[in-house]
Amino acid sequence: MTHAELLARHRAVLPNWLALYYDEPIEIVRADGRRVTDAEGRTYLDFFAGILTNAIGYDIKEISDAIRAQLDTGVLHTSTLYLIRQQIELAEKIAELSGIPNAKVFFTNSGTEANETALMLATQYRRSNQVLALRNSYHGRGFGTVAITGNRGWSATSLRPFNVSHVHGGYRYRDPFRHLSDADYIAACVADLRDVIQTTTAGDIACMIAEPIQGVGGFSVPPDGLFGAFKEVLDEHGVLFISDEVQTGWGRTGEHFWGIQAHGVTPDAMTFAKGLGNGLAIGGVVARAELMDCLTANSISTFGGNPMSTAGANATLKYLLDNDLQDNAAKLGDRIIGGLRDVADGHAMVGDVRGKGLMIGVELVAPGDEPSPAAAARVAEAAKERGLLVGKGGLYGNVLRLAPPMTLTEDEAEEALGILTESIAVVDEELTR
Ligand SMILES: Cc1ncc(COP(=O)(O)O)c(C=O)c1O
């Protein structure tokens, strides 16, 4: 009864709009490596990792030791009124890794705050409140970030501090340009961008913000080079480009350290969060110094970049670089994507298998290619019954999202693939019976 009782208490005091997974939601009480154990003693292989946040996995000695060492100093918090050695060291590393020339870093507690900051910088720098975003995007739950969201399911309010125009290029599978080749698709999206600038803006746009691979939007992957092509148009107008790397950063996409690197473009700013702290609350913006320094008033985040989260983040970053987890993501990602494409060949219910590295989306459909959120929910339940936790997403909630910790082993990849193969087969039979 543990979970059922806790669920009743949850429902009584937490908001209705805080969605829980599964018909019978679980509480995770212990974890180790890539496996988590619930309050009723069941253990699962975790392929959603706290929404891509437990990037390295659970109970990692190097990270726990770094957190403990900071705890042992007696200092949990000082505030940005004082020098914070761990924060400075982390900023130095991120500035260098960013590839942005002369970069500076501002730390926040979340991806939302990171994007709010980037939008504040861009709109202030350009003295414009016009923003370009992508259809099907998600950038957070603040006022500015909800305003630029391109997904009805995550648009909790229509009030907006910006004039926002949305362009094509995010969700190719259901885009009117979907049947085009990569090159023609990019050309069509660029033409749309030009048209949107021409017809829906006053011209002096502050920035475009985009996720290199849409996360909440269902791990939708645009063709490589799309954002490079966009940037050429943006440059004609002096429009800044912000890459939201909250999900795609830290090597998760396998082939690159930042998702945007697949597009041959250096952004003016990048935002990050989730995986950096391996579970500790940390996010931030890395931007050209000129852009970062453009604010003319004080602006602080009381907890942003605090000694605990930056100690954990330094250890996380060191671990993922020392162990070349980006390479592991590339290798095992290819294996899982290939395995799932084989499964898709035998099941019309699987409309699309896409992704890069350990960021893999499986779009489930009903006959006629209609989105099937029911199939996604059933496969997620079936996988859970077999000991695998997966994520869901997409504009219609019909995409399975697979994003295990980047320390995943080959055996675990095969285990997950086996469970997913069986779960898809079982649900396909159930739904077509
Ligand atoms: C791409 C992207 N940006 C921003 C956010 C917001 O981050 P947070 O939930 O930490 O505020 C998310 C969260 O899922 C995200 O996926």
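Reader: What makes α10 mostly covered?

Author: In this predicted model, 13 of the 16 residues of α10 are buried. Buried means under 20% relative accessible area, and on that count the helix is mostly covered.

Reader: How do you know that the span of helix α10 agrees with what 16 residues should give?

Author: The helix covers residues 307–322, and at 1.5 Å a residue it should span 22 Å. Its end C-alpha atoms are 22 Å apart, so the two values agree.

Reader: Why is N306 said to cap the N-terminal end of α10?

Author: A side-chain oxygen of N306 lies 3.0 Å from the backbone nitrogen of M308. A polar contact requires N or O atoms within 3.5 Å, so this pair qualifies. Just after α10, D324 takes a positive phi of about 45 degrees.

Reader: Why are strands β2 and β3 called paired?

Author: Pairing requires at least two bridges. Three bridges join β2 (residues 35–38) to β3 (residues 43–46), and the strands run antiparallel. V36 has Y44 as its bridge partner, while R35 stands opposite L45. Four residues lie between the strands of this hairpin, where G41 takes a positive phi near 90 degrees.

Reader: What makes the pairing of the four-stranded sheet mixed?

Author: The sheet is open, with the order β1-β2-β3-β14. Strands β2 and β3 run antiparallel, whereas β3 and β14 pair in the parallel sense over two bridges. In the latter pair, D46 stands opposite L389.

Reader: Why are β1 and β14 called edge strands?

Author: Strands β1 (28–32) and β14 (388–389) each pair on one side only.

Technical notes:
Residues numbered from 1 in each chain as written. Predicted model: local features only at pLDDT ≥ 70, side-chain atom pairs only at ≥ 80, totals over all residues. Heavy atoms only, no water. Expected span 1.5 Å × (residues − 1). Buried < 20%, exposed > 50% of the residue type's maximum accessible area, 1.4 Å probe, protein only. Polar contact = N/O pair within 3.5 Å; in protein donor to acceptor, adjacent residues only side chain to side chain.
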